[in-house]
Amino acid sequence: MEQNVDPIHLFANTPNPPYYAVIFTSTRKGEDHGYGEMAERMVELAGKQPGFLGVESVRDATGFGVTVSYWSSLEAIREWKQHEEHLIAQEKGKTVWYEHYVTRICKVERAYEMNLFRS
């Protein structure tokens, strides 16, 4: 069944720069082993953290995915990295879910968009 998603809701609604982006690129192992539920929980939990600005995430059929989370400061990113439930997810990622991953942290200094979705 095809899910109707308003394309504008796929984009994080970030403020004017500067802010920070955490780019998490990964390849998944074959089976789910609770990954979907944990991923949903992490987005929910991150949304409650001070300094969280939004998230965008995609994964293809081969298991390759990119998640970009946006944060107001490096301190907010450090706090999220050390969050108790996030530490559990990180450990499961290393031992159960991922074949390979890379995390990159960037400062967003400029952002612009074209938006045909809004009238």
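Okay, let's start with two helices: the axes of α1 and α3 come within 11 Å of each other and cross at roughly 150°. That makes α1 roughly antiparallel to α3, a label for angles over 145 degrees. Those axes are lines fitted to C-alpha atoms over the stretch in contact, with angles running from 0 to 180 degrees between N-to-C directions. The helices are DSSP runs (H or I, at least four residues), strands are E runs of at least two, and both are numbered from the N terminus.

Quick caveat: this is a predicted model, where local features need pLDDT of at least 70 and side-chain atom pairs count only at pLDDT 80 or more, while totals for chains, interfaces and linings use all residues. Residues are numbered from 1 along each chain as its sequence is written, and side-chain values use heavy atoms, leaving out hydrogens and water.

So which residues meet between α1 and α3? On the α1 side we have Y35, M38, R41, M42 and L45, and on the α3 side E85, H86, I88, A89 and W97, with contact meaning heavy atoms within 4.5 Å. By class, that's 7 nonpolar, 1 polar and 2 charged residues.

Now the largest pocket. It holds about 1,000 Å³ of space. A pocket here is an open set of points on a 1 Å grid over the protein atoms alone, where a 1.4 Å probe fits, with protein on both sides within 12 Å along at least five of seven lines. The volume is the space filled by probe spheres set on the points, which are joined across faces, edges and corners.

The lining has 33 residues, and F24, M42, T67, H86 and Y98 lie nearest the centre; a lining residue has an atom within 4 Å of a point. Which element gives the most to that lining? It's α1, with 8 residues. By class, the lining has 20 nonpolar, 8 polar and 5 charged residues.

Two backbone details to finish. The peptide bond from P17 to P18 is cis, with omega near 10°, and P18 sits in the segment before β1. Then H33, in the loop between β1 and α1, has a positive phi, near 50°.

Methods:
Ala, Val, Leu, Ile, Met, Phe, Trp, Tyr, Cys and Pro count as nonpolar, Asp, Glu, Lys and Arg as charged, and the others, Gly among them, as polar. Angles under 35 degrees count as roughly parallel, over 145 as roughly antiparallel, 65 to 115 as roughly perpendicular and the rest as oblique.
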